[in-house]
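Please keep the sequence and the coordinates at hand while reading.

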Amino acid sequence: MIITDGGKQAVFNTVFALAGPGDEVIVPAPYWVSYSEQVKAVGATAVIVQTRAEDDFKLSPQALRDAITDRTRLLIFNTPSNPTGSVYTSEEVGALAEVLVEHQVPVLSDEVYEDLVYGVPFTSIASFGPELYDLTVICTAVSKSYAMT
């Protein structure tokens, strides 16, 4: 566990530790504005994977698989999503988890909104077995859940 000055610092520290010049970081879009800028700040390339309204702005396992290259160092995953509000079901998270394990791609799971879920239970991607747990960095904060922004 590492305590930072805030959620944004935790995300940046993770990107900084896992990616650098010549590396790629997969970022599903739409996304929180800081993700791509933090990737650029470390000299890596943000691979933006567009999602569609008709899919509730969720990354599909096939789109994830298609985005992975030998330069992929990280997926930034956010559920509930900022800015769309989309919440992945447990089955959807599990399907993405399978791709990550298959390709041994680490994931930064931005779980800052985990307590602000209504109608669909929150599922952490780290909960899909020990192999994925070892590939996951969870970033969270007290700012949203405790109104401490």
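## A network of charged side chains

In this predicted model, R52, E54 and D55 are joined in a network of salt bridges. Within that group, the side chains of R52 and D55 form a salt bridge with an N to O distance of 3.0 Å. R52 counts as partly exposed at 45% relative accessibility, and D55 is likewise partly exposed, at 37%. A search of the whole structure finds eight salt bridges, and those described in this report are among them.

K58 takes part in two of the pairs described here, one with D56 at 3.7 Å, N to O, and one with E92, where the closest N and O atoms are 2.8 Å apart. Is K58 buried or exposed? K58 counts as buried because its relative accessibility is 14%, under the 20% limit for that class.

## Overall fold and dimensions

The chain has five helices and five strands, and from the N terminus on these elements run α-β-α-β-α-β-α-β-α-β. For 149 residues, a compact globule would have a radius of gyration near 15 Å, and the 14 Å of the chain agrees with this. Taken along the principal axes, the C-alpha atoms fill a box of roughly 40 × 35 × 30 Å.

Buried residues make up 44% of the 149 residues. Among contacts in the chain with a separation of 6 or more, 69% are accounted for by residues 24 or more positions apart. The chain exposes about 7,800 Å², of which carbon and sulfur atoms supply 55%. There are 8 positive and 19 negative side chains, and the centres of these two sets lie 7 Å apart.

## Packing around helix α2

Which residues of helix α2 (residues 34–41) are buried? They are S34, Y35, S36, Q38 and V39, and the buried residues of α2 pack against the helix α1 (7–18) as well as against β1 (24–29), β2, β3 (72–78) and β4 (107–110). α2 is followed by G43, whose phi is positive, near 85°.

## Backbone geometry in the loops

Most residues other than glycine have a negative phi, and most peptide bonds are trans. Against that background, a cis peptide bond joins A29 and P30, with omega at about 0°, and P30 lies in the loop between β1 and α2. Another cis peptide bond joins T79 and P80, with omega at about -10°, and P80 is placed in the loop between β3 and α4.

F57 has a phi of about 55° and is found in the loop between β2 and α3, where F57 is partly exposed with a relative accessible area of 32%. Q104 has a phi near 55° and lies in the loop between α4 and β4; at 42% relative accessibility, Q104 counts as partly exposed.

Note on methods:
Residues are numbered from 1 along each chain as its sequence is written. This is a predicted model: local features need pLDDT of at least 70, side-chain atom pairs count only at pLDDT 80 or more; totals for chains, interfaces and linings use all residues. Side-chain values use heavy atoms; hydrogens and water are left out. A salt bridge is a side-chain nitrogen of Lys or Arg within 4 Å of a carboxyl oxygen of Asp or Glu. Buried means under 20% relative accessible area, exposed over 50%, partly exposed in between (1.4 Å probe, protein chains only). Helices (H or I, at least four residues) and strands (E, at least two) are DSSP runs, numbered from the N terminus. The radius of gyration is taken over C-alpha atoms; the globule rule is 2.2 Å times the number of residues to the power 0.38. Contact means heavy atoms within 4.5 Å. Accessible areas come from the Shrake-Rupley method with a 1.4 Å probe; for residues, only the protein chains shown count as cover. Lys and Arg count as positive and Asp and Glu as negative; His and the chain ends are not counted. The place of a charge is taken as NZ of Lys, CZ of Arg, CG of Asp or CD of Glu.
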